[in-house]
Amino acid sequence: MLALSLQPKEFPVSECPPRSQILTGVMEEPVCNAADRMRMEAEEKLQSLGKRLTAQQKIYRKKNEGLEVTLAPVKMAEEVQLDSTLQIPGGSLSIPSSPATARNDCSIAPLTPSPSPRVEVRPRMACPFSVVVAIDFGTTSSGYAFSFTQDSEAIHMMKRWEGGDPGVANQKSPTCLLLTPDLRFHSFGFAARDFYHDLDPEEAQHWLYFDKFKMKIHSTSDLTMETELEAVNGRKVRAIEVFAHALRFFREHALKEVKDQSSSVLEGEEIRWVITVPAVWRQPAKQFMREAAYLAGLVPPDCPEQLLIALEPEAASIYCRKLRLHQVIDLSLQPITNGLDLDGTRPFDSSFRQAREQLRRSRHSRTFLVESGTGELWSELQTGDRYVVADCGGGTVDLTVHQIEQPQGTLKELYKASGGPYGAVGVDLAFEAMLCQIFGKDFIQSFKAKRPAAWVDLMIAFEARKRTASPGRANALNISLPFSFIDFYKRHKGQSVEAALRRSNMNIVKWSSQGMLRLTQEAMNELFQPTISNIVRHIEELMGKPEVRCVRFLFLVGGFAESPMLQKAVQKALGRTCRIIIPHDVGLTILKGAVLFGLDPTVVRVRRCPVTYGVGVLNRFVEGRHPRDKLLIKDGREWCTDIFDRFVSIDQSVALGEVVRRSYTPARVGQRKIIINIYCSATDDVTYISDPGVRKCGTITLDLPEPLVPPGAVGGAEAGAVVAGPERREIRATMQFGDTEIKVTAIDVMSNRSVRASIDFLSN
């Protein structure tokens, strides 16, 4: 039975619809979807649902006539140079039971300490958007998919891309971008790669080609809006502009497809966008992607609820819970001996070849149907069973541990997300290192700088052969060397490529008279082994932790999960510990899950905090307990500075809707801004913000409105004057840590007016 919960004051920022939609627009007419005309049963279902919704709408309007709702959307912080000192409250300040860290710039004290988050139940409401568009922004490949909210069981994949590599299914586009010499956008994906390939070598040196640039965001410790990316030719551009160009490209293509499949005219505010990021990314990287989306025009900055940041392994987990048995490969049912089946008659990877062929045939249809509830795969799970999702992508490997909560089907995270830079790019780097060993590092660096397009060609050739590498392969893999490589080496070194190979004494790499490098099975193992070993070791370490024991399933997802080399290594190491499951459409798992997340962001009910967050405050100084170098005497009172007021702790369970509240008061009359520094630590053993391992990671900015004159105040004050009174002005800040991003809202307690609050992790 359909139920509507009407608690408008409790709407979280990420899901707040415009007020008009809350009051009168919850029950919109169903959007006609031309692509779904074949499903007559679904249309009948929608018609029936529409009648029930109309009835509920009448009740809704009648019960909520005159309802007033105040929303406080979060905006990104602007740079301010104002004094941010806060008044030290007097009276009954108590020392928290578990003090924490702080630094010398601290000058605030909490009025209302709250050691643990409070739970605010999020109401379930009709989705205020007509369509959800998800962008899976990957290191090596990217793509988009969408779903209409009136037919949420159908996920529409993007159109087939033009171009592509022989033998490689182009379900997504390579993440490469081409800018003209005057820094204008030219093309993205296959079009960018092919155009760059066809440029004259001398002309190509003036064009800016970016490839696998997402890794820069993960590896940069001091990420800001001014961080730069280096193109293949060595020129640098602001990273935010490169990402915005790519997102703008996806926006234009996705909107065209959505409009082609919708008979109604869609407005910008009717579309919810979802962008995927690795779970191991810190808050600055997540905010960076949000800022890039604003710059690209996906959503305006004053409508942050239109954009969701989805964590990649989380999105995969959301989709995996919908899987049926015929949609997966179960490695646990395929015991191996020396690369063959148990009976020794079939190569290990033949079933994967069959699955890929089946997937290739099914790609003529770009619409996928998902279960309305959980898939039959989950019928085997008992209460308390848990599973691991290993997202093996191009740049990173992300691990998350989830538990399905029955009967509602929501997910609970059991251990904080972990992982590292162990993606498929590691194999590419190993190949480059092998070339440096054979031909010399100086030559490879010179070739990349002088013949950038030819270097891209060489890596494309390696990528195609890398995908075909399998553990039981007997013959060598041939990789074509571009003619410019052979010619450039002869001019640079005065000898042939074949002579260089002989002199290197690298017996695992041979030379073919047809102009190809022949990599033996031993050579391929050497290239894959470091990256795969890191992945297996990380999974084993995770599953050895007490919180993660008794794992029933291990899901391998992401583009690198298609590699039989990785599949065999994981099966050999963990096949007797749990069931290893690989979805058939493994490369699209995250993309589909991101769409499902956009349709229902409340599906992950509990997350784990990746680090400890808090602020620096003042507490009453206690002789013998606090060090003398922390003593501050102000207005005749003794205070201890740099106390760490903990908001949440590392690996703490935080449910969706749980909030942390703190109240602050301005230091002086007429103060227009309060700026609070946020600190974080990878441990919970923290007392002061000056402790080792504690660092400033962001700021909270509260823009204070002009205070209202209290009712009954003596008249005669000039306009805008501050009325003196015995009560301090209290600003109550509310922070949410249970979403994929940290959010903050605030109110002026005396006037009950919203205070513009923002949180910024990019200005350090």
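## Salt-bridge network

D428, E463, K466, R467 and E562 are joined to one another in a network of salt bridges. The model is a predicted one, and the structure holds 32 salt bridges. Side chains of opposite charge can pair when their charged atoms come close.

## Buried pairs

E741 and R290 form a salt bridge through their side chains, with an N to O distance of 2.7 Å. E741 belongs to the loop between β33 (731–736) and β34 (743–748), whereas R290 sits in helix α7 (residues 283–296), so the contact ties together parts that are 451 residues apart in sequence. E741 has a relative accessibility of 9% and therefore counts as buried. R290, at 4% relative accessibility, is likewise classed as buried.

A salt bridge also connects the side chains of R662 and D645, at 2.7 Å from N to O. The residues lie in two strands, R662 in β30 (residues 658–664) and D645 in β28 (residues 637–648), so this pair ties together parts that are 17 residues apart in sequence. Both R662 and D645 are buried.

## A pair with exposed and partly exposed partners

R238 and E226 form a salt bridge in which the closest N and O atoms are 3.5 Å apart. This pair links distant parts of the chain, 12 residues apart: R238 is in strand β10 (residues 236–238), and E226 is in the loop between α5 (215–219) and β9 (228–230).

R238 counts as partly exposed because its relative accessibility is 27%. E226 reaches 53% relative accessibility and so counts as exposed, the cut-off for that class being over 50%.

Key. Residues are numbered from 1 along each chain as its sequence is written. This is a predicted model: local features need pLDDT of at least 70, side-chain atom pairs count only at pLDDT 80 or more; totals for chains, interfaces and linings use all residues. Side-chain values use heavy atoms; hydrogens and water are left out. A salt bridge is a side-chain nitrogen of Lys or Arg within 4 Å of a carboxyl oxygen of Asp or Glu. Helices (H or I, at least four residues) and strands (E, at least two) are DSSP runs, numbered from the N terminus. Buried means under 20% relative accessible area, exposed over 50%, partly exposed in between (1.4 Å probe, protein chains only).
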